[in-house]
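Subject: Structure for your review

Dear colleague,

Please find below the structure that I am handing over to you, followed by a short account of what was found in it.

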Amino acid sequence: MSWNGLAERIVHGGAITREEALGLLGSDDDELLAVLDGAFRLRRHYFGRRVRLNVIFSARGGRCGEDCGYCSQSVFASSEVEEFSMVDEQAIVEAAHAARASRAGTYCIVMSGRRASRVDVDRICGAVRRVKAELPGMKICVSLGLIDSAKSEALADAGVDRFNHNVNTSRRFTPQIVTTHQYEDRLRTVETIKKAGLSPCSGVICGMGETDDDLVDVAFDLARIGPDSIPINFLIPVEGTRLAGLHELTPVRCLRIAAMFRFVNPSAEIRLAGGRELNLGSLQPLALFAANSLFLGDYLTSEGQAKELDLQMIRDLGFTIEDDPSTAGEPDQVVKVHADRMPVGS
Ligand code: SF4
């Protein structure tokens, strides 16, 4: 299989088939660089050498009544996790300023729980209006669980750019991971987001026991519903969760997964999300030949690597930061300065 030839075909309007996507996941280690070369052909075509940086802020932690098997914030998990009620507007705004200082172009506000109440949404809207006024150009993404039309529209009116709601895994495998909501609930939420005019963001968690068929199914489902952004999480098997002790990913498998999502969703922002450090290990930089985006700093319930290491990685690859506030008004530039680690997220 010529992966670069396939990439050329896609650039010129073709599409990868299901069999080819399965072939990519099952390809030999000797083909790894060829697979990444093809993925990079697509990444370069749509995003050049730019890397989008995202920072997560946890606005409410723990005490969630859903039973997602991977999540330490579920009441069904016995993990030690910081529990806290919805933070105030000022805390959300201050964390956005810290995100800007860390050179992130997108600030992501995340709440634990099945859905946000109207009071929660109103507080987020108030904070978002302030962030938009105080930090021009900062893109805002929110992840608030299941959502209805009225709340989505209120968020769009307040200036929220993007709404994240991951489908996480395939329709077939979802009941093995969660029983308190269905795959259809998640698809419906993504459709609601789109109707409200918010940019849809929906991704996956890999390494939960799914098969290659599941990964390909969810990649093609995402291609059908068309999120602008696809975060790829690699399972962190947190103690106390149902998936604790599950270590089935290898660094090269993670690279093939990232490449497969790029081939199936060539023009989507593919983001390296939770678990990249643990599961990609020393091969992390190679993943940026398929992905064009990453979370900087810590995740919701786990620590990421020091921000300086991410910036160094981008610089060493010769890539540039997208929407970098420190180079506003200039063309993209290779990272030249170090930034401090930001104590946000959990
Ligand atoms: S992933 Fe979200 S919905 Fe599921 S248990 Fe965790 S906080 Fe709740």
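Ser74 is buried, as its relative accessible area is 6% (buried means under 20%, exposed over 50% and partly exposed in between, with a 1.4 Å probe and protein chains only). Please note that this is a predicted model, in which local features need pLDDT of at least 70 and side-chain atom pairs count only at pLDDT 80 or more, while totals for chains, interfaces and linings use all residues. Residues are numbered from 1 along each chain as its sequence is written, and side-chain values use heavy atoms, with hydrogens and water left out.

Ser74 sits in the loop between strand E1 (50–60) and helix H4 (89–101); helices (H or I, at least four residues) and strands (E, at least two) are DSSP runs, numbered from the N terminus. Leaving aside residues up to four places away in sequence, Ser74 touches Cys64, Glu66, Asp67 and Cys68, where contact means heavy atoms within 4.5 Å. A polar atom of the Ser74 side chain also lies 3.0 Å from the backbone nitrogen of Phe76.

Turning to the whole protein, there are 13 helices and 10 strands. Of its 346 residues, 59% count as buried. Among contacts between residues at least 6 apart in sequence, 76% join residues at least 24 apart. Along its principal axes, the C-alpha trace spans about 55 × 50 × 35 Å.

Yours sincerely

Definitions and conventions: A polar contact is a pair of N or O atoms within 3.5 Å; within protein, one must be able to donate a hydrogen and the other to accept it, and residues adjacent in sequence count only if both atoms are side-chain atoms.
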